[in-house]
Amino acid sequence: MTVDDDAVHRQALSRTHPQDIPQPDLGDGSADLPALAPSDSADLTTLLGNLIDNAVDACSGGPDPAVTVSLQAGASYLHGEVGDNGPGVPEELREAIFVRGFSTKPEVLGGRGIGLPLVQLICTQRGGSIEVHQGERTVFSVRLPYSSLQ
C-alpha cells in the first residue's frame, strides 16, 4: 500500500476545530492557551494525537501505566511534551522511528509507521522541532511556531 505524504499532510491541515470552545478553568493559569489559527489548531491536534496514541500503546500492559501531557504557549511558539513510563525507545532506533513505514508495533491492515514521520514532517515544514528524551520516562518534545495567520 502506498500513502502520499502530501495528501496525509493536507488532510491533517484540513481539520479545524472551533475556536470558541471554552477552555477548562484549572485554577492555576495552566489553561491560558491563546486562540489559535485553524492551521495551528489542526497541526497541534495531529501532533499531540499521534504522540499520545503512541504513549498509550507504549505503556499499556505494563505495571501502573502513565502518560503525561503538557502544553505551554510561548511568545512565538507552542511547546508540547508527551511522556510515558513504557519500555522506552532504544538509542539505536531513535532516528529510525521517524522513517516512514518503520514501526516497533505488530503489522496491521493499512500499515504502521506513519504517525511519527507525520509529526516530524509537520514540525519541519513549520520551522519547529521534535526531540526524544529518554530517562526514567520517554518524553517526546515538540516545538511549533505559531502561523502568521493569527
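Because the model is predicted, local features need pLDDT of at least 70 and side-chain atom pairs count only at pLDDT 80 or more, whereas totals for chains, interfaces and linings use all residues. Residues are numbered from 1 along each chain as its sequence is written, and side-chain values use heavy atoms, with hydrogens and water left out.

Helices (H or I, at least four residues) and strands (E, at least two) are DSSP runs, numbered from the N terminus. Four strands make up an open sheet with the order E1-E2-E4-E3 and antiparallel pairing, two strands being paired if DSSP finds at least two bridges between them. E1 and E3 are the edge strands, each pairing on one side only. From one strand to the next, the twist averages 15 degrees.

Strand E2 (residues 77-84) is mostly covered, with six of its eight residues buried; buried means under 20% relative accessible area, exposed over 50%, and partly exposed in between (1.4 Å probe, protein chains only). Strand E1 (residues 67-73) runs antiparallel to E2 and is joined to E2 by seven bridges, and a hairpin of three residues links E1 to E2. Within this pairing, Gln72 has His79 in E2 as its bridge partner. Eight bridges connect E2 with strand E4 (residues 138-145), also in antiparallel fashion. Here Val82 is partnered by Phe140 of E4, and Tyr77 by Pro145 of E4.

H2 packs on the sheet and touches E1, E2, E3 and E4, its direction making about 15 degrees with that of E2. H3 also packs on the sheet, touching E3 and E4, and its direction makes about 35 degrees with that of E4. For these angles, axes are lines fitted to C-alpha atoms, for helices over the stretch in contact, and angles run from 0 to 180 degrees between N-to-C directions.

A nonpolar core is a set of buried Ala, Val, Leu, Ile, Met, Phe, Trp, Tyr and Cys residues joined through side-chain atoms within 4.5 Å. The largest one has 22 residues, of which Leu47, Leu51, Ile97, Phe98, Ile130, Phe140 and Val142 touch the most other members. Helix H2 (38-59), E2, helix H3 (115-125), strand E3 (129-134) and E4 each give two or more residues to this core. Beyond its neighbours within four places in sequence, Leu47 contacts Val119, Ile122, Cys123, Val142 and Leu144.

Notes:
Contact means heavy atoms within 4.5 Å.
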